[in-house]
Amino acid sequence: MEPTPEQIVHDEGAQLDFSNDMSYGDYLRLDKVLSAQRPLSPDHNELLFIVQHQTSELWMKLMLHELQAAIANVAADQLAPAFKKLSRVSRIMEQLVHAWDVLATMTPPEYSAIRPYLGRSSGFQSWQYRCIEFACGNKNAAMLRPHEHQPERLGEVEAAYRAPSLYDETLSLLARHGVDVPAHVLARDVTQPYRADPGVEAAWLHVYRNAEANWDLYQLGEELVDLEDAFRLWRFRHLTTVQRIIGFKRGTGGTSGVGYLQSMLDTVLFPELWSIRTAL
């Protein structure tokens with residue numbers, strides 16, 4: 001005689017009474033998390049839009065956590081744990097890339113039904129995304145302004161803006177390991193966007209041409225390339241999803257929409273790590 005489902009659960013010894021113990025939902029605070037989706041329109045499709053962006057923000061929270069720790073590792077010459085964290089950041093970015101596949105099922109008429117309820121809100125205003133961009137070196141003081149109405153958030157974004165980026169710490173690391181990085185690059189104002197430098201390209205060429213003698217530095221360079229590669233895919237997928245849903249309309253946050261996203265595709269975070277491919 002086949003055991004019943006109740007017997008199987010009983011035989012497994014699974015705990016069923018949580019009146020005095022923490023359950024799965026308690027640990028994850030699911031009541032709070034799952035009550036945070038509050039559509040403003042009567043349209044069926046708004047829940048998709050909300051869940052897409054809330055889950056992306058959760059992934060970005062983890063990404064920022066890992067990215068900040070990786071930067072600290074690089075600053076402390078702790079490359080093995082930095083590699084682990086940077087690899088995880090790249091995998092998180094892949095999750096964000098594939099998330100656009102779900103939002104892309106929203107058609108233009110479906111989005112048009114909920115757009116009036118979004119007001120001026122836009123992913124352009126995501127403070128976590130801005131901190132990620134700043135941590136990766138894409139600094140822009142104008143991007144502090146959307147957070148001025150929330151002093152606590154502004155403080156966090158401004159701290160990321162003023163801190164050395166992942167690439168700044170990487171170049172300092174190269175110099176500490178005896179690689180000839182130009183002094184003016186090491187002393188630069190880290191609140192400014194990074195600009196490619198021929199001396200830095202020469203430094204990376206030295207690392208890559210002598211990979212066995214500089215294996216950790218070589219591997220760090222490849223981790224950065226992986227990260228930027230994933231970041232570029234995310235930006236491109238964002239662009240194509242927006243174009244698919246709204247065409248060339250202006251964004252809710254006031255940007256040109258697709259035009260603005262197109263311009264972001266030209267941003268290069270770690271330029272010399274790409275330019276040396278031609279020279280090698």
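Predicted model: local features only at pLDDT ≥ 70, side-chain atom pairs only at ≥ 80, totals over all residues.
User: Which parts of the chain does the pair of Tyr 129 and Phe 231 tie together?
Analyst: The rings of Tyr 129 and Phe 231 pair edge-to-face, with 6.2 Å from centre to centre and 85 degrees between the planes. Because Tyr 129 belongs to residues 127–135 and Phe 231 to residues 215–246, the pair ties together parts that are 102 residues apart in sequence, namely helix 7 and helix 12.

User: Is Phe 231 buried or exposed?
Analyst: A residue counts as buried when its relative accessible area is under 20%. The relative accessibility of Phe 231 is 2%, so Phe 231 is buried.

User: What is the angle between the ring planes of Phe 231 and Trp 234?
Analyst: Phe 231 and Trp 234 are three residues apart in helix 12, so about one helical turn separates them. Trp 234 counts as buried, at 10% relative accessibility. Their rings form an edge-to-face aromatic pair with centres 6.5 Å apart, and the angle between the planes is 70 degrees.

User: Which residue has its charged end over the ring of Phe 231?
Analyst: Besides its aromatic pairing with Tyr 129, Phe 231 has a charged end sitting over its ring, at 4.4 Å from the ring centre, and that charged end belongs to Arg 235.
In another such arrangement, Arg 232 lies over the face of Trp 274, 4.1 Å from the ring centre. For the ring of Phe 231, the residue asked for is Arg 235.

Technical notes: Residues numbered from 1 in each chain as written. Heavy atoms only, no water. Phe/Tyr/Trp six-rings, centres within 6.5 Å; stacked < 30°, edge-to-face > 60°. Helix = DSSP H or I, 4+ residues; strand = E, 2+ residues; numbered from the N terminus. Buried < 20%, exposed > 50% of the residue type's maximum accessible area, 1.4 Å probe, protein only. Lys NZ or Arg CZ within 6 Å of the ring centre and 35° of its normal.
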